[in-house]
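Keep the structure view open beside the text and look up each residue as it comes along.

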Amino acid sequence: MLYEGSCHCGKIEFEVEGEFTSALDCNCSLCRRRGGLLAFVPRDKFTLKTPRENLSTYTFNTRTIQHRFCGTCGIAPFAEARMPDGAEMACINVRCIPAVDLASLEIQPWDGQSH
């Protein structure tokens, strides 16, 4: 299914193709503070609909994940990285997709140590 998502103010808009039935509740120092629910998709299933100049980026720890957020409203709708096998992926904050019924998701806790 194709979904539309965005930050709060709409400066960052995207489309993502996937079936979102579960999400990770990561407890790393960043995710714990921002409260995102994460789902991973191959990078070619994600399309940024707004200019890349609208993105602000934060990296930490090993600096392998580019956490994208809006410099205007502060919402972090997605991140970009590579899987251990080298495949490009997008990590979607499903809270930023209005059509996803959050109550229907299977929420899986993740400790940030294993995948």
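A residue counts as buried when its relative accessible area is under 20%, as exposed when over 50%, and as partly exposed in between, using a 1.4 Å probe and protein chains only. By that scale Lys49 is partly exposed, with a relative accessible area of 47%. This is a predicted model, in which local features need pLDDT of at least 70 and side-chain atom pairs count only at pLDDT 80 or more, while totals for chains, interfaces and linings use all residues. Residues are numbered from 1 along each chain as its sequence is written, and side-chain values use heavy atoms, leaving out hydrogens and water.

Helices (H or I, at least four residues) and strands (E, at least two) are DSSP runs, numbered from the N terminus.

**Salt bridges**

- A salt bridge here is a side-chain nitrogen of Lys or Arg within 4 Å of a carboxyl oxygen of Asp or Glu. Side chains of opposite charge can pair when their charged atoms come close.
- The structure has five salt bridges.
- One of them joins Glu15 and Lys49, whose closest N and O atoms are 3.9 Å apart. Glu15 sits in strand 2 (residues 13-17) and Lys49 in the loop between strand 5 (46-48) and strand 6 (55-58), so this pair ties together parts that are 34 residues apart in sequence. Glu15 is buried, at 19% relative accessible area.
- Glu80 and Arg68 meet in another salt bridge, at 2.8 Å from N to O. Glu80 belongs to strand 8 (residues 78-82) and Arg68 to strand 7, so the pair ties together parts twelve residues apart in sequence. Glu80 is buried, with a relative accessible area of 9%, and Arg68 is buried too, with 8%.
- Arg68 and Glu80 also belong to a network of salt bridges that links them with Arg43 and Arg52.
- Arg82 and Glu88 form a salt bridge as well, at 3.2 Å from N to O. Arg82 is exposed, at 55% relative accessible area, whereas Glu88 is partly exposed, at 44%.

**Aromatic rings**

- Rings of Phe, Tyr and Trp (its six-membered ring) pair if their centres lie within 6.5 Å; planes under 30 degrees apart count as stacked, over 60 as edge-to-face and the rest as tilted.
- This rule gives five aromatic pairs. Among them is the tilted pair of Tyr3 and Phe20, with 5.4 Å from centre to centre and 55° between the planes. Tyr3 is in strand 1 (residues 2-6) and Phe20 in the loop between strand 2 and strand 3 (22-26), 17 residues apart, and the pair links distant parts of the chain. Both Tyr3 and Phe20 are buried.
- The ring centres of Phe46 and Phe78 are 4.5 Å apart and their planes lie at 40°, so this pair is tilted. Phe46 comes from strand 5 and Phe78 from strand 8, so the pair ties together parts that are 32 residues apart in sequence. Phe46 is buried at 3% relative accessibility, and Phe78 is buried at 2%.

**Cysteines**

- A disulfide is a pair of cysteine sulfur atoms within 2.5 Å, and the count by this rule is zero.
- Cys9 is partly exposed, at 40% relative accessible area, whereas Cys70 is buried, at 0%.

**Positive phi angles**

- Asn61 is not a glycine, yet its phi is positive, near 55°. This residue lies in the loop between strand 6 and strand 7 and is exposed, at 68% relative accessibility.
- Arg63, also not a glycine, has a positive phi of about 60°. Arg63 lies in the loop between strand 6 and strand 7 and is exposed, at 55% relative accessible area.
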